[in-house]
Amino acid sequence: MSDATQVAAQVATPATGAPKATATGTSAAVPGAQAAPAAVKIVARDVNVFYGEKHALKHVDLDINENEVTALIGPSGCGKSTFLRCLNRMNDVIDICRVTGSITLDGTDVYDTSLDVVQLRARVGMVFQKPNPFPKTIYDNVAYGPRIHGIARNKSELDEIVHRSLERAGLIKEVHDRLDQPGTGLSGGQQQRLCIARAIAVNPEVILMDEPCSALDPIATAKIEELIDELRENFTIVIVTHSMQQAARVSQRTAFFHLGDLVEVGDTEQIFTNPKDSRTQGYITGRFG
(Lines give C-alpha, C1' and ligand atoms only; values in the text may rest on other atoms or scores of the structure.)
Protein backbone atom coordinates (compact mmCIF):
# COMPACT_ATOMS: atom_id res chain seq x y z
CA MET A 1 0.00 0.00 0.00
CA SER A 2 1.42 3.42 -0.97
CA ASP A 3 1.87 6.29 1.51
CA ALA A 4 -0.94 8.23 -0.18
CA THR A 5 -3.30 5.24 0.04
CA GLN A 6 -2.45 4.73 3.72
CA VAL A 7 -3.10 8.40 4.48
CA ALA A 8 -6.41 8.38 2.61
CA ALA A 9 -7.49 5.29 4.55
CA GLN A 10 -6.58 6.95 7.87
CA VAL A 11 -8.55 10.12 7.21
CA ALA A 12 -11.49 8.17 5.82
CA THR A 13 -11.71 5.79 8.78
CA PRO A 14 -10.91 7.67 12.01
CA ALA A 15 -10.42 5.79 15.24
CA THR A 16 -13.54 4.47 16.93
CA GLY A 17 -15.19 7.15 19.02
CA ALA A 18 -13.12 9.93 17.46
CA PRO A 19 -15.02 13.07 16.45
CA LYS A 20 -15.49 13.79 12.78
CA ALA A 21 -13.30 16.58 11.41
CA THR A 22 -14.97 19.30 9.38
CA ALA A 23 -13.68 22.36 7.55
CA THR A 24 -15.07 24.67 10.22
CA GLY A 25 -13.96 22.67 13.23
CA THR A 26 -14.57 19.31 14.83
CA SER A 27 -17.94 18.01 15.86
CA ALA A 28 -19.80 14.81 16.43
CA ALA A 29 -21.65 13.53 13.39
CA VAL A 30 -25.26 14.35 14.30
CA PRO A 31 -27.78 13.90 11.47
CA GLY A 32 -29.23 17.24 10.37
CA ALA A 33 -27.01 19.24 12.75
CA GLN A 34 -24.56 21.90 11.60
CA ALA A 35 -21.20 22.30 13.31
CA ALA A 36 -20.62 25.67 14.95
CA PRO A 37 -17.81 27.58 13.25
CA ALA A 38 -14.52 27.16 15.08
CA ALA A 39 -13.19 30.25 16.84
CA VAL A 40 -10.02 31.62 15.28
CA LYS A 41 -7.13 31.87 17.76
CA ILE A 42 -4.29 33.13 15.55
CA VAL A 43 -4.59 35.18 12.36
CA ALA A 44 -1.59 35.56 10.04
CA ARG A 45 -1.81 37.98 7.13
CA ASP A 46 0.79 38.67 4.43
CA VAL A 47 3.58 37.20 6.57
CA ASN A 48 7.03 37.33 4.98
CA VAL A 49 10.30 36.16 6.48
CA PHE A 50 13.73 37.12 5.19
CA TYR A 51 17.07 35.64 6.24
CA GLY A 52 19.36 38.35 4.97
CA GLU A 53 18.51 38.57 1.26
CA LYS A 54 16.80 35.17 1.16
CA HIS A 55 13.00 35.41 1.01
CA ALA A 56 12.16 32.28 3.04
CA LEU A 57 8.42 32.76 3.60
CA LYS A 58 6.21 34.58 1.10
CA HIS A 59 2.91 36.39 1.71
CA VAL A 60 1.37 33.77 4.01
CA ASP A 61 -2.27 34.13 5.07
CA LEU A 62 -3.37 31.51 7.58
CA ASP A 63 -5.95 31.21 10.36
CA ILE A 64 -5.32 28.85 13.30
CA ASN A 65 -8.53 27.63 14.91
CA GLU A 66 -8.93 27.40 18.66
CA ASN A 67 -8.85 23.95 20.29
CA GLU A 68 -7.85 22.26 17.07
CA VAL A 69 -4.64 20.68 15.81
CA THR A 70 -3.30 22.37 12.69
CA ALA A 71 -0.59 20.40 10.87
CA LEU A 72 2.01 22.17 8.74
CA ILE A 73 3.40 19.84 6.07
CA GLY A 74 5.76 20.12 3.13
CA PRO A 75 9.25 19.15 1.97
CA SER A 76 12.39 20.20 3.85
CA GLY A 77 13.16 23.89 3.52
CA CYS A 78 9.61 24.82 2.50
CA GLY A 79 9.09 27.34 5.33
CA LYS A 80 6.81 25.42 7.69
CA SER A 81 9.17 25.58 10.70
CA THR A 82 10.01 29.19 9.89
CA PHE A 83 6.30 30.04 10.05
CA LEU A 84 5.88 28.09 13.29
CA ARG A 85 8.68 30.10 14.94
CA CYS A 86 6.99 33.34 13.88
CA LEU A 87 4.02 32.56 16.10
CA ASN A 88 5.96 33.12 19.34
CA ARG A 89 8.77 35.22 17.88
CA MET A 90 11.46 32.58 18.18
CA ASN A 91 12.93 34.06 15.01
CA ASP A 92 13.84 37.15 17.06
CA VAL A 93 16.99 35.37 18.25
CA ILE A 94 18.31 35.13 14.66
CA ASP A 95 20.14 38.38 13.87
CA ILE A 96 19.68 38.25 10.09
CA CYS A 97 15.98 37.37 10.28
CA ARG A 98 13.35 39.96 9.39
CA VAL A 99 9.58 39.38 9.63
CA THR A 100 6.92 41.53 7.95
CA GLY A 101 3.14 41.29 7.86
CA SER A 102 0.68 40.76 10.68
CA ILE A 103 0.19 37.98 13.23
CA THR A 104 -2.44 38.41 15.93
CA LEU A 105 -3.24 36.24 18.94
CA ASP A 106 -6.82 36.87 20.09
CA GLY A 107 -6.60 40.21 18.31
CA THR A 108 -3.29 41.25 19.92
CA ASP A 109 -0.44 42.04 17.53
CA VAL A 110 2.30 39.53 18.31
CA TYR A 111 4.95 41.86 16.82
CA ASP A 112 3.87 44.98 18.69
CA THR A 113 7.11 46.55 19.97
CA SER A 114 5.53 47.15 23.38
CA LEU A 115 4.63 43.46 23.80
CA ASP A 116 6.52 41.52 26.48
CA VAL A 117 8.03 38.60 24.52
CA VAL A 118 8.51 36.56 27.71
CA GLN A 119 4.78 36.80 28.41
CA LEU A 120 4.02 35.96 24.77
CA ARG A 121 6.05 32.77 25.04
CA ALA A 122 4.18 31.89 28.23
CA ARG A 123 0.95 32.12 26.21
CA VAL A 124 2.44 30.34 23.18
CA GLY A 125 4.64 27.48 24.37
CA MET A 126 6.94 25.37 22.23
CA VAL A 127 8.09 21.76 22.08
CA PHE A 128 11.13 21.16 19.92
CA GLN A 129 12.17 18.39 17.56
CA LYS A 130 14.72 16.88 19.94
CA PRO A 131 13.72 16.45 23.60
CA ASN A 132 15.60 19.09 25.58
CA PRO A 133 14.99 18.62 29.31
CA PHE A 134 16.98 20.93 31.56
CA PRO A 135 19.86 19.37 33.52
CA LYS A 136 17.63 19.43 36.58
CA THR A 137 15.35 17.01 38.39
CA ILE A 138 12.06 15.94 36.85
CA TYR A 139 10.27 18.11 39.41
CA ASP A 140 12.41 21.17 38.74
CA ASN A 141 12.00 20.83 34.97
CA VAL A 142 8.24 21.23 35.31
CA ALA A 143 8.44 23.77 38.15
CA TYR A 144 10.83 26.05 36.28
CA GLY A 145 8.22 28.05 34.35
CA PRO A 146 5.75 28.52 37.22
CA ARG A 147 8.64 29.72 39.40
CA ILE A 148 9.98 32.37 37.01
CA HIS A 149 6.46 33.60 36.16
CA GLY A 150 5.38 33.66 39.81
CA ILE A 151 2.37 31.44 39.17
CA ALA A 152 2.58 29.49 42.44
CA ARG A 153 2.24 31.34 45.72
CA ASN A 154 3.67 28.56 47.86
CA LYS A 155 5.22 25.09 47.76
CA SER A 156 1.85 23.36 47.97
CA GLU A 157 0.55 25.18 44.89
CA LEU A 158 3.78 24.43 43.03
CA ASP A 159 3.50 20.74 43.91
CA GLU A 160 -0.04 20.72 42.54
CA ILE A 161 1.02 22.39 39.27
CA VAL A 162 3.87 19.91 38.78
CA HIS A 163 1.65 16.90 39.52
CA ARG A 164 -1.18 18.16 37.30
CA SER A 165 1.17 18.96 34.40
CA LEU A 166 2.84 15.56 34.53
CA GLU A 167 -0.59 13.95 34.70
CA ARG A 168 -1.84 15.88 31.67
CA ALA A 169 1.32 14.88 29.80
CA GLY A 170 0.63 11.22 30.57
CA LEU A 171 3.83 10.83 32.56
CA ILE A 172 2.91 10.94 36.25
CA LYS A 173 2.40 7.17 36.64
CA GLU A 174 5.89 6.51 35.28
CA VAL A 175 7.77 9.09 37.35
CA HIS A 176 5.71 9.74 40.51
CA ASP A 177 8.26 8.00 42.72
CA ARG A 178 11.37 9.59 41.20
CA LEU A 179 10.61 13.26 40.82
CA ASP A 180 13.96 14.06 42.44
CA GLN A 181 15.90 12.23 39.71
CA PRO A 182 17.38 13.94 36.62
CA GLY A 183 15.03 14.49 33.71
CA THR A 184 17.88 13.60 31.38
CA GLY A 185 17.77 10.04 32.73
CA LEU A 186 14.38 9.34 31.16
CA SER A 187 13.89 7.58 27.83
CA GLY A 188 13.53 9.69 24.69
CA GLY A 189 9.75 9.42 24.63
CA GLN A 190 9.50 10.19 28.34
CA GLN A 191 11.81 13.19 27.91
CA GLN A 192 9.56 14.57 25.18
CA ARG A 193 6.49 14.17 27.40
CA LEU A 194 8.45 15.88 30.20
CA CYS A 195 9.08 18.78 27.82
CA ILE A 196 5.36 18.89 27.04
CA ALA A 197 4.60 18.89 30.80
CA ARG A 198 7.09 21.76 31.20
CA ALA A 199 5.37 23.69 28.40
CA ILE A 200 1.85 23.29 29.78
CA ALA A 201 2.88 24.02 33.40
CA VAL A 202 2.53 27.77 32.70
CA ASN A 203 -0.95 27.13 31.28
CA PRO A 204 -0.35 28.40 27.74
CA GLU A 205 -3.14 28.96 25.26
CA VAL A 206 -1.22 27.62 22.26
CA ILE A 207 1.37 24.84 21.99
CA LEU A 208 3.75 24.80 19.01
CA MET A 209 5.34 21.45 18.17
CA ASP A 210 8.25 21.27 15.73
CA GLU A 211 8.44 17.63 14.58
CA PRO A 212 8.03 16.37 18.16
CA CYS A 213 8.19 12.68 17.20
CA SER A 214 10.99 12.66 14.62
CA ALA A 215 13.55 11.31 17.10
CA LEU A 216 11.20 8.79 18.74
CA ASP A 217 10.41 5.12 18.15
CA PRO A 218 6.91 4.07 17.00
CA ILE A 219 5.66 3.22 20.51
CA ALA A 220 6.77 6.57 21.93
CA THR A 221 5.34 8.32 18.86
CA ALA A 222 1.95 6.69 19.41
CA LYS A 223 1.90 7.95 23.02
CA ILE A 224 2.73 11.50 21.93
CA GLU A 225 0.02 11.41 19.24
CA GLU A 226 -2.56 10.17 21.74
CA LEU A 227 -1.49 12.95 24.10
CA ILE A 228 -1.86 15.59 21.37
CA ASP A 229 -5.44 14.49 20.77
CA GLU A 230 -6.20 14.82 24.48
CA LEU A 231 -4.46 18.18 24.85
CA ARG A 232 -6.45 19.88 22.10
CA GLU A 233 -9.48 19.89 24.41
CA ASN A 234 -7.70 22.61 26.39
CA PHE A 235 -5.07 24.00 24.04
CA THR A 236 -4.69 25.14 20.46
CA ILE A 237 -1.92 23.08 18.83
CA VAL A 238 0.18 23.75 15.73
CA ILE A 239 2.44 20.88 14.69
CA VAL A 240 5.12 20.68 12.00
CA THR A 241 5.54 17.15 10.69
CA HIS A 242 7.21 15.38 7.77
CA SER A 243 4.89 12.41 8.31
CA MET A 244 1.71 12.67 6.27
CA GLN A 245 0.30 9.72 8.21
CA GLN A 246 0.86 11.61 11.44
CA ALA A 247 -0.81 14.74 10.07
CA ALA A 248 -3.81 12.60 9.06
CA ARG A 249 -4.01 10.98 12.48
CA VAL A 250 -3.72 14.00 14.76
CA SER A 251 -4.91 17.11 12.93
CA GLN A 252 -8.23 18.66 12.01
CA ARG A 253 -6.72 21.14 9.54
CA THR A 254 -3.63 20.87 7.37
CA ALA A 255 -1.55 23.54 5.62
CA PHE A 256 0.83 22.58 2.82
CA PHE A 257 3.94 24.72 2.27
CA HIS A 258 6.25 24.58 -0.75
CA LEU A 259 9.26 26.78 -1.55
CA GLY A 260 8.17 29.42 0.95
CA ASP A 261 4.58 29.59 -0.28
CA LEU A 262 1.46 28.45 1.55
CA VAL A 263 0.01 26.41 -1.30
CA GLU A 264 -3.17 25.11 0.26
CA VAL A 265 -4.93 24.90 3.60
CA GLY A 266 -8.13 23.16 4.58
CA ASP A 267 -9.81 20.33 6.39
CA THR A 268 -7.32 17.48 6.77
CA GLU A 269 -9.60 14.98 5.06
CA GLN A 270 -10.04 17.29 2.07
CA ILE A 271 -6.32 18.00 1.76
CA PHE A 272 -5.41 14.32 1.67
CA THR A 273 -8.30 12.95 -0.35
CA ASN A 274 -9.29 15.81 -2.65
CA PRO A 275 -6.55 18.48 -2.81
CA LYS A 276 -7.30 21.51 -4.96
CA ASP A 277 -3.73 22.27 -6.04
CA SER A 278 -1.64 19.97 -8.23
CA ARG A 279 1.43 20.65 -6.07
CA THR A 280 -0.40 19.35 -3.01
CA GLN A 281 -1.44 16.28 -4.98
CA GLY A 282 2.14 15.74 -6.12
CA TYR A 283 3.50 15.97 -2.57
CA ILE A 284 1.01 13.66 -0.88
CA THR A 285 1.39 11.05 -3.64
CA GLY A 286 5.18 11.11 -3.31
CA ARG A 287 6.06 12.63 -6.67
CA PHE A 288 8.35 15.09 -4.88
CA GLY A 289 9.43 15.97 -1.37
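**Close-up views of helix packing and a cavity**

**View A. Helix 7 and helix 8 (residues 218-231) pack at an angle of about 20°, with their axes 9 Å apart.** In this predicted model, helix 7 and helix 8 are roughly parallel to each other, because angles under 35 degrees are counted in that way. The crossing in which helix 7 passes helix 8 is right-handed. On the side of helix 7 the contact is made by Gly-189, Gln-192, Arg-193, Ile-196 and Ile-200, while helix 8 brings Ala-220, Lys-223, Ile-224, Leu-227 and Leu-231 to the contact. Sorted by class, the residues of this contact between helix 7 and helix 8 are six nonpolar, two polar and two charged.

**View B. Helix 4 and helix 7 (residues 188-200) cross at roughly 30°, and their axes come within 7 Å.** The angle between helix 4 and helix 7 is therefore one that makes them roughly parallel to each other. Helix 4 passes helix 7 in a crossing that is right-handed. Where the two helices meet, Ile-138, Asn-141 and Val-142 belong to helix 4, and Leu-194, Ala-197 and Arg-198 belong to helix 7. The contact of helix 4 with helix 7 consists of four nonpolar residues, one polar residue and one charged residue.

**View C. Helix 4 (residues 138-148) and helix 5 (residues 155-168) pack with their axes 9 Å apart, at an angle of about 115°.** Helix 4 and helix 5 are roughly perpendicular to each other, because angles from 65 to 115 degrees are placed in that class. As helix 4 passes helix 5, the crossing is right-handed. From helix 4, the residues Ile-138, Tyr-139, Val-142, Ala-143, Pro-146 and Arg-147 meet Lys-155, Leu-158, Asp-159, Ile-161, Val-162, Ser-165 and Leu-166 of helix 5. In the contact of helix 4 with helix 5 there are nine nonpolar residues, one polar residue and three charged residues.

**View D. The largest cavity of the model holds about 30 Å³ of space.** When cavities of 30 Å³ or more are counted, the count comes to one. The lining of the largest cavity is formed by Leu-105, Thr-108, Val-110, Leu-115, Leu-120 and Arg-123. By class, this lining of the largest cavity divides into four nonpolar residues, one polar residue and one charged residue.

How values were computed. Residues are numbered from 1 along each chain as its sequence is written. This is a predicted model: local features need pLDDT of at least 70, side-chain atom pairs count only at pLDDT 80 or more; totals for chains, interfaces and linings use all residues. Side-chain values use heavy atoms; hydrogens and water are left out. Axes are lines fitted to C-alpha atoms, for helices over the stretch in contact, and angles run from 0 to 180 degrees between N-to-C directions. Helices (H or I, at least four residues) and strands (E, at least two) are DSSP runs, numbered from the N terminus. Angles under 35 degrees count as roughly parallel, over 145 as roughly antiparallel, 65 to 115 as roughly perpendicular and the rest as oblique. A crossing is left-handed if the near helix is turned anticlockwise from the far one by less than a right angle, and right-handed if clockwise. Contact means heavy atoms within 4.5 Å. Ala, Val, Leu, Ile, Met, Phe, Trp, Tyr, Cys and Pro count as nonpolar, Asp, Glu, Lys and Arg as charged, and the others, Gly among them, as polar. On a 1 Å grid over the protein atoms alone, a cavity is a set of points where a 1.4 Å probe fits but cannot get out, and a pocket is an open set with protein on both sides within 12 Å along at least five of seven lines; lining residues have an atom within 4 Å of a point. Grid points are joined across faces, edges and corners, and a volume is the space filled by probe spheres set on the points.
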